[in-house]
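Please look at the sequence and the 3D structure together, and keep both in view while you read.

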Amino acid sequence: VEGLLKVGEVADAPLGVSAEKLIKFAEYLFSRRYIHQVRAAAQLTAALKALGNNKRAVPVTVTLASSVAVTAKIPLVQVRVATVWGAPLSDMDVKADSAKQRGTDATFVRNEPLTAVRDTPGLYQLDLLALKTRPTRGFYQLTLTAKLKSGKNTTPEGYRLLAAAGAPVEIKVMSAVTIEKIEIGVADRDQTASPRTTKLQYPVKAASVLEGDSHQRLLLNFQLRERDSAQVFLAHQAFVRLVHVKSGAESIFVAEPDQKTQLYKFNLDLSAKAKDLYYESGRYSMQLVIGDALIENPLQWTLADVDLQLPSAPETKAKRKSQLLSQPSPALPEIEHQFRQPERRASQPVAMAFTCLCLAPLLLLLGCWAKLGLNLRGLSEQMSAPFSTLGFHLGLGAILVLCGNRLLHSIAAKRFKSA
C-alpha cells in the first residue's frame, strides 16, 4: 500500500486501484492495529501513515468514542470520525443508517443524523433514548455513514476523502431493575403446615431472625422488574448466598425462575443440602445476588439472618469438614520441571577400546592387501567388460518392460470393453 501510493504521487498518475479496494485495505490494516511485534508495528504504522497523509485517497474511519453501554444516565452514543492516521474530520455529515437488535431483524433507526460535539473536532453524538422509537434493553449494531457536508470528496486542504459507508458500531442498551414480591420464610419438609413467610421491601433487612432445622425447607420468592418500562425481567445470574457468621464458610445456590409466572423461587431442603453447608449449624447471613450484562444496577442485598440446625456430619467426612472450615492450608511446594536423566555411558578408555576393536578388521584387510601386493590400478581395466555387458542388458530390459506394459494395457482395455 505504501509503495503504491508513493509511486502514484511521484508519477502523478492514477493509482489504478478502485476506492472500494482501498477502503478494504484500510479496514484490514485498521483492524490489525493491536499487535505486539515491533517489526509488524513499524510496517503497519508506515502503511497507515501513507493512507492518511496522501492527497489522492484518504479513507475515513468511524469508531466508538463513548462507552459501549447506553443507560438512562448516559444516553449518548459518541463516535469519532477521522482518517486512518487519526486526524479528526470536522466538516462531516454523519448519519445512522440503521440500528438492529442482535438476534432480530427489528430496526428502530433510519437515516438519523448525528450532531457534532462543540469544541471537540471529529466527535459526533446521538441521543438514543430521545428518539421517537426508543430502543429496549439489548445488544445493538449501529450502521453509520460519514461524508463531507459539501457533497464533494475533496477537503479545502486538497485531500480526497473516501467516505465511510456502513461502518458498524456495537452498543448495548441497559436498564435498571427493582425487586418486587419478596417473601422469605421456612416450611416443613412434609408440608403438614402452611409455610411461615415474611414480606420484605428492598433494601431493608428482615427485622427478625429466621430459624430452621433439618426437617424444614428455606424459602425465598421474588420478581425482577425494569424500573422504567415496568416489564418483568429475567436475569442471567440470580444467586442466594449463605455465609456462616462465625467461620466465614459460604455456600452459593442458584435461584431458578418459573417460566409461567416469571417468579424466582428458591427452595432449599436443609437436610438434603446439609453437605453443601458443610454440616455446620449456627447463624448464617442470607444474601441475594443479581447480575446480568444488561442490568445497570447489579444487586447484592442481605435479606436476613438465619439460625440453622443441621444434621451432624458423617464420621468419614468430619475431617474434611474441619479442614474446609479451618484456616487456609499452607502453600504447596513449588512444582519444578525435571528433565529426563541421561543414561549412563561407558568411560572414555572403554569407548576408545571398543572403537579400535571395530576398526581392527578393516585395518587387518588393508595390511593383508599390502603384504600380497594387490595392484588396484589394473582392476579398473579388467572390470570394464562386465559393466559394459550390464549396461547392454539394462537397455534391453527397459525396452521389454515398455513393450510388455503396453501389451498388458491393451489386453485389459479389451476385457473392459467386452464386459
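Cys356 has a relative accessibility of 49% and therefore counts as partly exposed, a class that lies between buried (under 20% relative accessible area) and exposed (over 50%), with a 1.4 Å probe and protein chains only. A search of the whole structure for disulfides, that is, pairs of cysteine sulfur atoms within 2.5 Å, finds zero of them. Cys356 accordingly is in no disulfide, and the nearest cysteine sulfur, which belongs to Cys358, is 9.3 Å away.

Before going further, please note that this is a predicted model, in which local features need pLDDT of at least 70 and side-chain atom pairs count only at pLDDT 80 or more, whereas totals for chains, interfaces and linings use all residues. Residues are numbered from 1 along each chain as its sequence is written, and side-chain values use heavy atoms, with hydrogens and water left out.

The chain has six helices and 21 strands; these are DSSP runs numbered from the N terminus, with helices (H or I) of at least four residues and strands (E) of at least two. Of the 419 residues in the chain, 32% are buried. The chain exposes about 28500 Å², and carbon and sulfur atoms supply 56% of this area, which comes from the Shrake-Rupley method with a 1.4 Å probe. If we take the contacts (heavy atoms within 4.5 Å) in the chain with a separation of 6 or more, residues 24 or more positions apart account for 68% of them.

Strands can be followed through their pairing, where two strands pair if DSSP finds at least two bridges between them. The partner relation of β6 and β7 (residues 123-127) is antiparallel and runs over two bridges, and within it Ala116 has Tyr124 in β7 as its bridge partner.

Nine bridges connect β20 (residues 282-291) with β21 (residues 299-309) in the antiparallel sense, and Val289 stands opposite Gln300 in β21.

Strand β10 (residues 164-173) can be approached from two partners. With β2 (residues 69-70) it pairs in the parallel sense over two bridges, and there Val70 stands opposite Val173 in β10. With β8, in contrast, β10 runs antiparallel, and eight bridges join the two; Ala146 stands opposite Ala164 in β10.

Which residues does Val186 touch, not counting residues up to four places away in sequence? They are Pro195, Arg196, Glu211, Arg217, Leu218 and Leu219. Val186 belongs to strand β11 (residues 177-188) and, because its relative accessibility is 4%, counts as buried. From Val186 to Arg196 there are 10 residues in sequence, while their C-alpha atoms are 5.6 Å apart in space.

Finally, the structure holds four aromatic pairs, in which rings of Phe, Tyr and Trp (its six-membered ring) have centres within 6.5 Å, and planes under 30 degrees apart count as stacked, over 60 as edge-to-face and the rest as tilted. One of them, formed by Phe108 and Tyr140, is edge-to-face, with 5.3 Å from centre to centre and 80° between the planes. Phe108 lies in β5 (residues 107-113) and Tyr140 in β8 (residues 138-148), so the pair ties together parts that are 32 residues apart in sequence; both Phe108 and Tyr140 are buried. The rings of Phe222 and Tyr264, in turn, have centres 4.9 Å apart and planes at 0°, so this pair is stacked. Phe222 in β14 (residues 216-226) and Tyr264 in β19 (residues 264-269) link distant parts of the chain, 42 residues apart, and Phe222 and Tyr264 are both buried.
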